[in-house]
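Student: I've never looked at this structure before. Could you pick one part and take me through it closely, in plain words?

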Amino acid sequence: ILAIFSFFLLFLFITKTRLTRKVVPLTKTLPQVLFINQVRGGECCAKGTLNNLKLQINTFTKLNVPADFALRYDVLTNKKYVDFLAEQSIKYPTIIRLGLMIEVTPQLAKDAGVKYKEKESTWFEAQNAFTIGYPLEERKKLVDFLFKKFFENFGYYPNLTSAWMIDTNTLNYINKKYGIKVHQITREQQETDSYTLYGGPPHYPYPASYKWLLVPDYQRSNAPLIVRQTVTDPLHNFGDKTNAFTSQPNDYANDGKTFEYFKQLVYQALFNQPKGQTGFVLLGLENSMDLKFQEEYLKQIDYIVSLKKDN
């Protein structure tokens, strides 16, 4: 608890630095950037588009930037999506990497033999969309069915999963049975999509404890690494209900912030860290977001490439 509290304090007291400063990493290890994108198909629940997905993948391949794509069940049952993703991942095996999005939809529940209790209109609520809303045996049914479907399409099991929330038992289960190495959750947030996610290190990747995934365990062997979606403002995110203080395009743009705000967040996360700490940023965007946000995201990718060119 003391370690987590100290980690929290470090982020609270990070000072904002002007972007005009020369970038001088404090460690010998270059800062790291990870891209994880969530891919939704055509089912009821925040429908994605294949065009948005192609826009993202074409950008990553053109710029030679590795990225992970976490696929929801309605993508795995759509031949157009599957054929395109299989082709791209074979053509660019070090750039386009495929994972699973563990987000429960009515059709997934039905096909997996699990009762979906609510209406489609409330699909996004935590008890419907995430494993925490289902009994333990039904959680296993859901994830086993998902992994089986992924294997049928691509011939292997993924080593990355994504779900804005997941229960510890399910994470341990897929880590042991399928070898999941990385799981993405969302940032700390208040009342977004009807739920609050509170606790855990706010930004930096960490190995999850077997007992509680929001607690780091650096002694655990083969622990799944927890990463958190998007960069958050270390001073203004905590307790905020507007979702205005993150690096995700729809969050800051809807609040009237510009691309300069994004660059400030990235700067502090990559280069303004305590001595000995390697900078880290996780970026990504769902293919269900509007085109204007997709275009802003492509600017983000291009900006990261410019930082890489500057070493």
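Tutor: Let's take a helix slowly, then follow up with a strand residue and a pocket. This is a predicted model, where local features need pLDDT of at least 70, side-chain atom pairs count only at pLDDT 80 or more, and totals for chains, interfaces and linings use all residues. Residues are numbered from 1 along each chain as its sequence is written, and side-chain values use heavy atoms, leaving out hydrogens and water.

Our helix is α8, residues 168–178. Helices here are DSSP runs of H or I with at least four residues, strands are runs of E with at least two, and both are numbered from the N terminus. Eight of the 11 residues in α8 are buried, meaning under 20% relative accessible area with a 1.4 Å probe and protein chains only (exposed is over 50%, partly exposed in between). They are Thr 168, Thr 170, Leu 171, Asn 172, Tyr 173, Ile 174, Asn 175 and Tyr 178. What lies over them? The cover includes helix α7 (136–154) and the strands β4 (160–162), β5 (182–185) and β9 (225–228).

Now the two ends. Asp 167 caps the N-terminal end of α8, with a side-chain oxygen 3.2 Å from the backbone nitrogen of Asn 169. After the helix comes Gly 179, with a positive phi near 75°.

Gln 38 is buried because its relative accessibility is 0%. A polar atom of its side chain lies 3.3 Å from the backbone oxygen of Ile 36. Leaving aside residues up to four places away in sequence, Gln 38 touches several others, among them Ala 70, Met 101, Trp 164 and Glu 286; touching means heavy atoms within 4.5 Å.

Strand β1 (32–39) also turns up in the largest pocket: along with α10 (259–271) and α11 (291–309), it supplies at least two residues of the lining. That pocket holds about 590 Å³ of space. Of its 19 lining residues, the closest to the centre are Pro 31, Gln 32, Val 33, Ile 304 and Lys 308. A pocket is an open set of points on a 1 Å grid over the protein atoms alone, where a 1.4 Å probe fits, with protein on both sides within 12 Å along at least five of seven lines; lining residues have an atom within 4 Å of a point. The lining divides into 14 nonpolar, three polar and two charged residues.

Definitions and conventions:
Polar contact = N/O pair within 3.5 Å; in protein donor to acceptor, adjacent residues only side chain to side chain. Points joined across faces, edges and corners; volume = space filled by probe spheres on them. Nonpolar A, V, L, I, M, F, W, Y, C, P; charged D, E, K, R; others polar.
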